[in-house]
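Colleague: Before we go through this model, could you set out the terms as they come up?

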Amino acid sequence: MAEDAILGFLEKNEEILDSGKFSQEKGISHDEIVNAIRSLNGFGFVIAQDIKREKWVLTEEGRIYAAAGSPEVQLLLAIPLEGITQEELQKKMDPATFKVGWPQAMKNKWVEKGKTHVSRKVQNVTDTVKGFLMQIQNDETLDSKDIDALKRRKLIVLQTWKGYSARKGPKYAPKRIKEATDLTRENLHSGDWKNLKEYNFSAKGQPVEGGHLHPLLKVRRQIQMIFLQMGFEEMQTNNYVESSFWNFDALFQPQQHPARDSHDTFFLKVPSTTRELPEDYVELVKNVHESGGYGSRGYGYEWKRDEANKNLLRTHTTAVSSRMLYKLAQNKPFAPKKYYSIDRVFRNEAVDRTHLAEFHQIEGLVCDRGLSLGDLLGVLNDFFSRLGMSKLRFKPAYNPYTEPSMEIFSYHEGFKKWVEVGNSGMFRPEMLRPMGLPDDVRVIAWGLSLERPTMILYGIDNIRELFGHKVDLSLIKKNPICCLGLE
Ligand code: PHE
């Protein structure tokens, strides 16, 4: 091995004077010796110095003549003793050889041109050019005038040869022990870690790749904290599959309502219907849809159980609220509650820059005796101002399950306009009374999407960059831990 040869040689000798000669002596290729010297030099085992030597080498043309003879001699030998026409001679010879050989032979006065024929002027010559070229090939030295002549004819060129001289360096050792790159458990056990390598204790460790929170999770956390600070309890939302009953019927949403169409809602094929519903309550819901009660006239249509049984992917988290309120109504005596939820909902929608077929809803509700629209306005102002939206406006709206209903708008300082941020209302008696809640119990509620505030907070304008398979993971890694204030 080149490295051992070099280090071994330097153990007994002062210096390797010439890597070229050294490589010949050791029978190791010069490239190998050079690479080893460079590497040993880099690690301080040796000190290397460049050596440059210039050397004449044959050009392509020179190599041809060294083998076949100079073109002028080739031309001379091609002329028969009795002579030949120039035309014939040219035909006989390789054109390139003729072209170079002819003027050269004329210059040397080797050939004679008569009226019709070309003939030899000398009978025999020694091919000195070929001789010189062979000498160069054998690394022999030539007179400078001969070198000049070959150089002029472009038969030789100067080539620089690069090599090194080398002597012991500050870290010299007769053998190089490769530094360990990894420290293994075995190294630590046996104690040989002490001699394995030089340690750099101030080197930085590998950066730790931790998990990264998606912006939706970060904003969800912020909103959760706001609800908790306001004294709300989280509702259990772990059922994406819901029956039409809890998603629509319990919410006094008539069975012909367009949202209940398969163009808007994903219905389940398997299992296509719900297993059980609270029968007494179902009866009351049927009645209120068909003929009303509690001061209402109802919708006056024939309510169908089959329609209510259909399973679907919940279209809003209000389905969770209806279940919770029903449950709450069963606890006697009535106790007021503040509930919230943040979870996924599904709608059969055309996907565009602001819509996906699944998104997240935030929902809050307060259930207590004697609540009024004023309470709703107060809670909304409190909730949204904690999110950084303190300028709110309300617009009358319609939901089958709330009366009155209000859309919520917030003034966006950046966009310089009012943007819709949510929907709200007071649940209708047609919804609450069949559940069994006392007469004077009112429920104020509101809902908004989680995506909307997240996109505003994180400056994302295409929902597909926030959620789904087109999300750029590096963006999620680089997102700030949190963003404060929506304006
Ligand atoms: N469920 C409504 C929606 O999907 C939001 C809402 C919740 C409205 C509660 C009023 C009361 O948009």
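Modeller: Two strands pair if DSSP finds at least two bridges between them, and the elements themselves are DSSP runs numbered from the N terminus, helices being H or I of at least four residues and strands E of at least two. This is a predicted model, in which local features need pLDDT of at least 70 and side-chain atom pairs count only at pLDDT 80 or more, while totals for chains, interfaces and linings use all residues. Residues are numbered from 1 along each chain as its sequence is written, and side-chain values use heavy atoms, with hydrogens and water left out.

Colleague: Which residue is the bridge partner of Glu363 in β14?

Modeller: Strand β10 (residues 358–369) pairs with β14 in the antiparallel sense, over nine bridges. Within β14, the residue bridged to Glu363 is Gly447.

Colleague: Which residue in β14 does Ser424 stand opposite?

Modeller: Strand β13 (residues 417–427) and β14 run antiparallel and are joined by four bridges. The residue of β14 opposite Ser424 is Trp446.

Colleague: How many of the nine residues of strand β14 are buried?

Modeller: Buried means under 20% relative accessible area, against over 50% for exposed and partly exposed in between, with a 1.4 Å probe and protein chains only. Strand β14 (residues 441–449) is largely enclosed by the rest of the structure, because the number of its nine residues that are buried is seven.

Colleague: In the open sheet of seven strands, which are the edge strands?

Modeller: The order of the seven strands is β6-β9-β10-β14-β13-β12-β11, and the pairing is mixed. Pairing on one side only marks the edge strands, which are β6 (233–234) and β11 (392–399).

Colleague: What angle does the direction of helix α17 make with that of β14?

Modeller: Helix α17 (residues 373–386) packs on the sheet, where it touches β10, β11, β12, β13 and β14, contact meaning heavy atoms within 4.5 Å. Axes are lines fitted to C-alpha atoms, for helices over the stretch in contact, and angles run from 0 to 180 degrees between N-to-C directions. On that basis, the angle between α17 and β14 is about 35°.

Colleague: Which residue's side chain does a polar contact join to that of Glu72?

Modeller: Glu72 lies in helix α5 (residues 71–78) and is buried, with a relative accessible area of 2%. A polar contact is a pair of N or O atoms within 3.5 Å; within protein, one must be able to donate a hydrogen and the other to accept it, and residues adjacent in sequence count only if both atoms are side-chain atoms. At 2.8 Å, the side chain joined to that of Glu72 belongs to Arg153.
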